[in-house]
Structure formats: C-alpha cells, structure tokens
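Visitor: I have a structure open and want to learn how to read it. Could you walk me through a few features?

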Amino acid sequence: MEQSILHSKIIGTGEKHLLVFHGLFGQLDNWNTHGRQFGEIYTTHLIDLRNHGRSFHSDDSTITAMVEDVNRYMEFHQISQAHILGHSLGGRVVMDFAITYPTKVDHLIVADMAPKAYQPHHNAIFKALCSVDFNTVTSRKDVEETLSLYIPEAGVRQFLLKNVYHAENGGYDFRFNLPVLQKHYEDLVGNDLLNGVFDGPTLFLKGAKSNYILQEDEFIIKQRFPKAEIVAIANAGHWLHAENPKDFIEAIMNFLENK
C-alpha cells in the first residue's frame, strides 16, 4: 500500500511553519544548512517530494498528485496555514498548491521557476542516469565515471551523486524513482500552470545568471500572482540557494518578516 505522507525533517519550534520543497532529482538533505537558519525563527519542514529522497515511490508523478501530497502533509501535521517555499520543480508544485488552496498559504516563495510551460531540457541528465548499470557498480566513483561521459559540470554530477545510496540488496541505487520521473518528465515541465490567481504575498527569486525567469515572464507572474515581487540573486544560476545562500536567505527573511 502506498504511504501517503511525505517524508520530512522538522527543525525548530517557531510559532509559524515554513514548508520547503526541493527541485527535480533533489532531496531534503540539499536544504539542511538553510533549514538550520530558517529553524531559528520558524518551525521548518524540509520535505522530500514523492519519488524523491526517502518519500514513497508511486507511478503517478503528476503535479496534481504532488499538490495533494502537500495538502495531506499539512493536514497530517495539523498545520492550517504556512509559509511555503519551492525551488524549480518544487516551485512549480507550490505555485499550483497556492492557486488550489490559497487559504493554506501565508507567504509564497518561488525559487527560479516561472508560471509557464518549459521545453524539455534534462535529456543529457536522463541519458546519463539511465546509463548507470548498478549490477556492475561497486562504488560511487563508478557512478561518477559513467555520469561524466554525459555531464561535464562537476557540480551537477555531485548533486546527482547525493542520491546514490546502499540499497537493501547490498548494492547501490538511486533514491529517486528514475523510470517514473522519466516517464512523467514532459508533463512535469511542459504543462501550463493551473488556471486561477493567488492574491497573497508572493516572492519570486531568480538567479541573475539563470534563464528560467525571463523579462517577458514578469507579465504572466503579475497576472497570476498580483502581489508578486521579483528579486534577482546576484552571482547565481538556477541553483541560486546553493550558489549564493547568504543573499538567498536574506531575501527570504526580509520578505517573511516585513510583508
């Protein structure tokens, strides 16, 4: 039977709750450092999306299903309203969540994702991941050697390698559900946002060196999120929270404390 509550790590005991969602191929461990800082003020929930990290695997990996996961998580933990932060795929999920359940969102923060459909652009990563043969892998180094044939960026390889773990069969495996993510990939990135508007306080953070949020996207952002502010994080690309954590956290704290 499918476990229906997402796996999380909860840090801090603040009066207000902050829910944090990672991106595609990510996991809550990517946010540990941020979680400790957020946890000084808020009860911070670092959460693994379905088919990622230690959350359950399911053949259904649609955005709609993930939105319901967030709703069930809040009900399970008896959270009536929370600040909600999502990066990349997590950003896509929290945008749809805010439009579906607006009264459950206090402040919405979307990190480097616009409310639009994207062209598929992870083909090399999927090819690399599918090329790993865990029947012959004896170490993480073996996995990295395969990934390096397709992925020249060391930082991207290290990010993906964090998902390699000792499986129950004694060998290695990925924590994420690769076949299902590949099957649903075009739906995850290539569909438009739900119809509707979220009228609460919203912050879009974009990496100054990223092309995920373009100048022309500002119109649709304001259309769907009328109170949205858009802030660029300097010297950062798509992984803005990792590349410039100081400015990233500062921008979020300013927004949550002053709006």
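Predicted model: local features only at pLDDT ≥ 70, side-chain atom pairs only at ≥ 80, totals over all residues.

Visitor: Which residues does UniProt list for "domain: AB hydrolase-1"?

Guide: The unreviewed UniProt entry lists residues 17-245. Such annotations may be inferred rather than shown by experiment. In the model, that span is 37% helix and 18% strand. Its end C-alpha atoms lie 20 Å apart. Helices (H or I, at least four residues) and strands (E, at least two) are DSSP runs, numbered from the N terminus.

Visitor: Is Thr44 buried or exposed?

Guide: Buried means under 20% relative accessible area, exposed over 50%, and partly exposed in between (1.4 Å probe, protein chains only). Thr44 counts as buried because its relative accessibility is 0%. Thr44 sits in strand S3, residues 43-47.

Visitor: What is Thr44 in contact with, beyond its neighbours within four places in sequence?

Guide: Contact means heavy atoms within 4.5 Å. Thr44 touches Lys9, Ile10, Ile11, Leu18, Val20, Gly35, Phe38 and Gly39. For Gly39, the side chain of Thr44 reaches the backbone nitrogen at 3.4 Å.

Visitor: How do I read a pocket?

Guide: Rolling a probe the size of a water molecule over the atoms shows where empty space is left. On a 1 Å grid over the protein atoms alone, a pocket is an open set of points where a 1.4 Å probe fits, with protein on both sides within 12 Å along at least five of seven lines; lining residues have an atom within 4 Å of a point. Volume is the space filled by probe spheres set on the points, which are joined across faces, edges and corners.

Visitor: What lines the largest pocket?

Guide: It has 24 lining residues; His122, Ile125, Val156, His238 and Trp239 lie nearest its centre. The space is about 410 Å³. Helix H6 (154-161) and helix H4 (123-130) each supply at least two lining residues. H6 gives the largest share, 3 residues.

Visitor: Which residues line the second largest pocket?

Guide: Among them are Asn30, Gly155, Val156, Lys162 and Trp239. H6 and helix H9 (240-243) each give two or more residues. H6 gives the most, with 4 residues. The volume of this second largest pocket is about 180 Å³.

Technical notes: Residues numbered from 1 in each chain as written. Heavy atoms only, no water. Polar contact = N/O pair within 3.5 Å; in protein donor to acceptor, adjacent residues only side chain to side chain.
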